[in-house]
Amino acid sequence: MHWVSGYERAWRGGDLDAVARLFTEGARYWPSPCEPPEIGLAAIRKFWLDDAGKTFTMSSDVEAVDGRTAVVRVHVDYGPPNQQHYRNLWVLRFAEDGRVAHFEEWPYWPGKNYSAAQ
C-alpha cells in the first residue's frame with residue numbers, strides 16, 4: 001500500500017518526476033487489459049498528462065499478494081465538472097527495487113453497460 005499511496009500522491013499532484021520512482025525504466029502500463037500498453041517512463045508520463053488538474057477522490061484495498069505480485073481494488077471518483085466513477089482492479093508486479101515493472105488496470109464504470117449489445 002506504500003506504493004499505491006505514492007502513486008496517488010504523484011497522480012494527484014501531477015508529479016511526472018515521480019513516475020521514475022514508481023516504475024522501472026521499461027515498465028509496461030496497461031490502462032485497459034484489451035489495449036496495447038504504454039511502455040517506458042516517457043510513455044507513462046505522457047499518459048498521465050491526460051488527468052492533469054482533474055479533481056478526484058481515491059480509496060484502495062489490497063485483495064491479494066503472491067510474491068512480488070499484488071492485486072489492489074481501487075475506487076476513483078472524479079469530481080465536478082465531469083462526474084465519473086470507476087471501480088478498478090490493479091495487477092501490480094514489482095521489481096526487486098520496489099518499483100512496478102507491470103501495471104495492469106481492469107476498469108469498470110458503474111452504471112455503464114459491461115456486456116456486448118445484442
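Two strands count as paired here if DSSP finds at least two bridges between them. By that rule, S1 and S6 pair in the parallel sense, over four bridges. Strands themselves are DSSP runs of E with at least two residues, helices are runs of H or I with at least four, and both are numbered from the N terminus.

Before going on, the basis. This is a predicted model, in which local features need pLDDT of at least 70 and side-chain atom pairs count only at pLDDT 80 or more, while totals for chains, interfaces and linings use all residues. Residues are numbered from 1 along each chain as its sequence is written, and side-chain values use heavy atoms, with hydrogens and water left out.

Now the sheet. Six strands make up an open sheet with mixed pairing, and the order is S2-S1-S6-S5-S4-S3. S2 and S3 are the edge strands, each pairing on one side only.

H1 lies across S1, S3, S4, S5 and S6, and runs at about 155 degrees to S3. H3 lies across S1 and S2, at about 50 degrees to S1. Axes are lines fitted to C-alpha atoms, for helices over the stretch in contact, and the angles run from 0 to 180 degrees between N-to-C directions.

Which residues of helix H3 are buried? H3 covers residues 41–48, and its buried residues are Leu41, Ile44 and Trp48. Seen down the axis of H3, they fall within an arc of 65 degrees, so they line one face of the helix. That arc is taken over the directions from the helix axis to the C-beta atoms. Buried means under 20% relative accessible area, exposed means over 50%, and partly exposed is in between, using a 1.4 Å probe and protein chains only. On the face of H3 turned away from the buried side sit the exposed residues Ala42 and Lys46. The buried residues of H3 pack against H1, helix H2 (19–22), strand S1 (23–30) and strand S2 (38–39), where contact means heavy atoms within 4.5 Å.

Then salt bridges. The structure holds six, a salt bridge being a side-chain nitrogen of Lys or Arg within 4 Å of a carboxyl oxygen of Asp or Glu.

One joins Glu8 and Arg12, with the closest N and O atoms 2.7 Å apart. The two are four residues apart in helix H1 (residues 2–13), so about one helical turn separates them. Arg12 is partly exposed, at 41% relative accessible area.

Another joins the side chains of Arg68 and Glu96, at 3.6 Å from N to O. Arg68 lies in the loop between strand S3 (56–66) and strand S4 (69–78), and Glu96 in the loop between strand S5 (84–94) and S6, so the pair ties together parts that are 28 residues apart in sequence. Arg68 is partly exposed at 46%, whereas Glu96 is exposed at 70%.

Last, His102, which sits in strand S6 (residues 100–108). Is His102 buried or exposed? At 13% relative accessibility, His102 counts as buried. Leaving aside residues up to four places away in sequence, His102 touches Arg28, Trp30, Val91, Leu92 and Arg93. The His102 side chain also makes a polar contact with the side chain of Glu104, at 2.9 Å. A polar contact is a pair of N or O atoms within 3.5 Å; within protein, one must be able to donate a hydrogen and the other to accept it, and residues adjacent in sequence count only if both atoms are side-chain atoms.
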